[in-house]
There are 2 protein chains.
Amino acid sequence: MRGSTVAEPVFRRLTLLGIGLIGSSVARIARQRGDIATEIVVNARTRTTLDRVVELGFADRVELDPAAAVEGADCVMLCAPVGAFAGLAEKIAPHLKPGAVLTDVGSTKQSVIRDVGPLVPEGVHFVPAHPIAGTEHSGPDAGFVELFQGRWTLLTPPPGTDDTAVEKVAELWRRCGSQIARMSPQHHDRVLAIVSHLPHLIAFTICGTADDLADETRQEVVNFAASGFRDFTRIAASDPVMWRDIFLNNREALLEMLARFTEDAQAMARAVRWGDAAYIEDKVERGRKIRRSLIERKQA
Amino acid sequence: MRGSTVAEPVFRRLTLLGIGLIGSSVARIARQRGDIATEIVVNARTRTTLDRVVELGFADRVELDPAAAVEGADCVMLCAPVGAFAGLAEKIAPHLKPGAVLTDVGSTKQSVIRDVGPLVPEGVHFVPAHPIAGTEHSGPDAGFVELFQGRWTLLTPPPGTDDTAVEKVAELWRRCGSQIARMSPQHHDRVLAIVSHLPHLIAFTICGTADDLADETRQEVVNFAASGFRDFTRIAASDPVMWRDIFLNNREALLEMLARFTEDAQAMARAVRWGDAAYIEDKVERGRKIRRSLIERKQA
């Protein structure tokens with residue numbers, strides 16, 4: 001336990017279930033600021049990860065048993081891949097303190113509400129959240145205190161969620177450097193499908209397409225990647241289990257966005273085949289315009 | 001005219017037709033090193049661009065007329081979008097000096113050989129080349145001397161091309177910091193289709209797909225781009241005319257790679273729809289492997 005610094009801490013005991021890029025960034029920020037939680041408890045699936053967490057020094061306590069980790073916590077944050085949430089929720093539900101806030105950082109929100117919602121005990125406040133930030137790195141070493149600076153955290157609390165609980169989660173993320181937006185889980189999943197899940201699906205796919213080419217060409221793909229391919233591979237280097245879970249848990253929105261994209265790509269193919277220069281130029285111009293909007297909003 | 005420094009300059013008069021990112025980088029390097037050419041002549045389509053070139057100070061002389069620009073040059077480098085090559089070649093052909101080397105920096109090589117090859121006068125050596133380097137910026141201000149450092153330049157001279165001419169072009173690119181590989185134009189166009197042209201087509205397309213979404217979602221695409229989308233938009237900010245020309249001039253290989261990619265994306269969609277977790281994980285793992293190869297080869 002460490003004392004508060006300037007402001008009153010948002011929570012007393014904060015338990016992180018899972019300690020990858022996001023969880024370990026939150027822990028590092030909480031440790032550095034002192035006004036997010038007075039005590040940080042970390043749970044992970046393996047003893048090896050927990051040993052590393054102890055070495056890294058951003059937890060007050062580590063626990064291999066999720067049930068033990070959440071005992072007495074006034075905030076529990078699910079930071080594992082979204083496919084593991086249902087199993088974790090089942091294990092921790094009987095051990096959550098009345099009045100505790102249960103939140104998460106998952107990249108899909110309808111699935112989290114579907115999987116975790118029914119298991120939340122009476123008197124525990126469930127506030128689904130998603131900090132939109134990331135790199136291609138994973139694990140407890142990957143986190144850093146600047147990760148959420150100037151980024152957004154989306155909150156998708158079901159109707160009737162306790163306002164104080166929502167505000168506490170919002171305040172936690174504001175102190176992590178994030179801006180806050182509130183929206184429905186349906187809307188969240190559609191937006192994320194186009195800005196994140198589809199780009200990742202495409203990036204993984206094109207790496208496979210390149211890898212299937214004849215041996216000689218494959219070598220050259222690596223040698224000549226500076227010409228565009230490498231921008232796709234950066235995001236393709238992300239954690240396989242996390243992304244598998246995201247795809248499977250945002251299926252409908254992802255398939256819809258992929259279908260739209262495929263139609264557009266086929267239209268572009270047709271323009272290339274028939275030499276429709278004006279069509280191609282127009283599409284390229286739109287890419288530029290979107291890029292300019294990003295730069296103006298400092299997200300690029 | 002400036003004197004040579006250490007080594008003998010590769011060429012006496014080097015004429016650059018077009019002065020965007022690639023041309024202006026070559027000019028800057030030639031200016032700085034002094035051992036690439038003793039005189040740099042620059043031609044561009046507009047007086048405005050040439051005025052800017054004069055201000056930037058990397059040319060010994062500027063010429064609005066391509067025919068005048070190539071007079072007496074022992075190396076002429078086509079640095080315009082590939083769609084402009086045929087027109088330029090027609091204008092300059094009667095004015096090329098016997099024994100001169102004609103080369104280019106175009107991203108498609110079969111089309112360049114098809115368009116320019118037949119116009120090259122007897123006694124002029126045509127050495128098609130493609131430096132694989134770039135940023136999303138364009139114009140004479142975009143160039144910089146480090147652009148080609150550690151990158152590759154691909155040479156695709158037709159059988160029977162004069163060896164001395166090929167070696168001179170290779171030496172020019174080596175002095176620009178580039179490594180050299182020689183291959184057939186067919187092979188070049190296939191490799192570039194997968195490492196560069198398809199990624200760009202995808203990036204332009206997904207920007208359009210996002211832009212077609214409902215107004216509210218479009219705004220959020222910009223706000224939440226940090227989650228993957230922005231990596232796609234960086235390359236989508238490239239020059240529209242250049243890319244239109246590349247797509248139209250590498251049609252067959254580009255359409256083949258897009259067809260392969262689309263099949264693979266559909267297979268991924270099917271795995272998502274039917275919940276085939278192992279398939280998805282395997283594809284994501286392949287992305288990671290390719291990424292690791294890139295890092296080992298320092299192209300990332």
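What follows is a working chat about a predicted model with chains A and B.

Biologist: What should I know about the numbering and the model before I start?
Modeller: Residues count from 1 along each chain as its sequence is written, while chains are lettered from A and ligands numbered from 1 in the order in which they are written. The model is predicted: local features need pLDDT of at least 70, side-chain atom pairs count only at pLDDT 80 or more, and totals for chains, interfaces and linings use all residues.

Biologist: What rotation superposes chain A on chain B?
Modeller: A rotation of 180 degrees, with 0.0 Å of shift along its axis and an RMSD of 0.0 Å. The two copies are thus related as by a two-fold rotation axis. The superposition is by least squares on the C-alpha atoms of residues with pLDDT of at least 70 in both copies.

Biologist: Which C-alpha of chain A is nearest the axis?
Modeller: That of A:Asp231, 3.0 Å from the axis.

Biologist: How many residues are in contact between the chains?
Modeller: 80 residues of chain A are in contact with 80 residues of chain B. Contact here means that the C-beta atoms of two residues, placed from the backbone, lie within 7 Å.

Biologist: Which helix of chain A gives the largest share of that side?
Modeller: Helix 7 of chain A, with 19 residues. Helices (H or I, at least four residues) and strands (E, at least two) are DSSP runs, numbered from the N terminus.

Biologist: And by class, what is on that side of chain A?
Modeller: The side of chain A that touches chain B has 45 nonpolar, 16 polar and 19 charged residues. Ala, Val, Leu, Ile, Met, Phe, Trp, Tyr, Cys and Pro count as nonpolar, Asp, Glu, Lys and Arg as charged, and the others, Gly among them, as polar.

Biologist: Why do you say the copies meet through the same surface?
Modeller: Because 100% of the interface residues of chain A are also interface residues in chain B.

Biologist: Changing topic: what is the strand order in the open sheet of 3 strands in chain B?
Modeller: The order is 7-8-9, with mixed pairing. Two strands pair if DSSP finds at least two bridges between them. Strand 7 (129–132) and strand 9 (179–182) of chain B are the edge strands, each pairing on one side only.

Biologist: How do strand 8 and strand 9 of chain B pair, parallel or antiparallel?
Modeller: Strand 8 (residues 152–155) and strand 9 of chain B are parallel, over 4 bridges. B:Thr153 is opposite B:Ile180 in strand 9 of chain B.

Biologist: What about strand 5 of chain B: are its residues buried or exposed?
Modeller: B:Val101 and B:Thr103 point one way from strand 5 (residues 101–104) of chain B, B:Leu102 and B:Asp104 the other way, and all are buried. A residue is buried if 20 or more other C-beta atoms lie within 10 Å of its own, exposed if 12 or fewer, and partly exposed in between, with C-beta atoms placed from the backbone.

Biologist: Which strands join strand 5 of chain B?
Modeller: Strand 4 (residues 75–78) of chain B runs parallel to strand 5 of chain B, with 4 bridges. Strand 6 (residues 125–127) of chain B is also parallel to strand 5 of chain B, with 3 bridges. B:Leu102 is the bridge partner of B:Val76 and stands opposite B:Phe126 in strand 6 of chain B.

Biologist: Last one: where does B:Gln149 lie?
Modeller: B:Gln149 is in the loop between strand 7 and strand 8 of chain B. B:Gln149 is exposed, with 12 other C-beta atoms within 10 Å.
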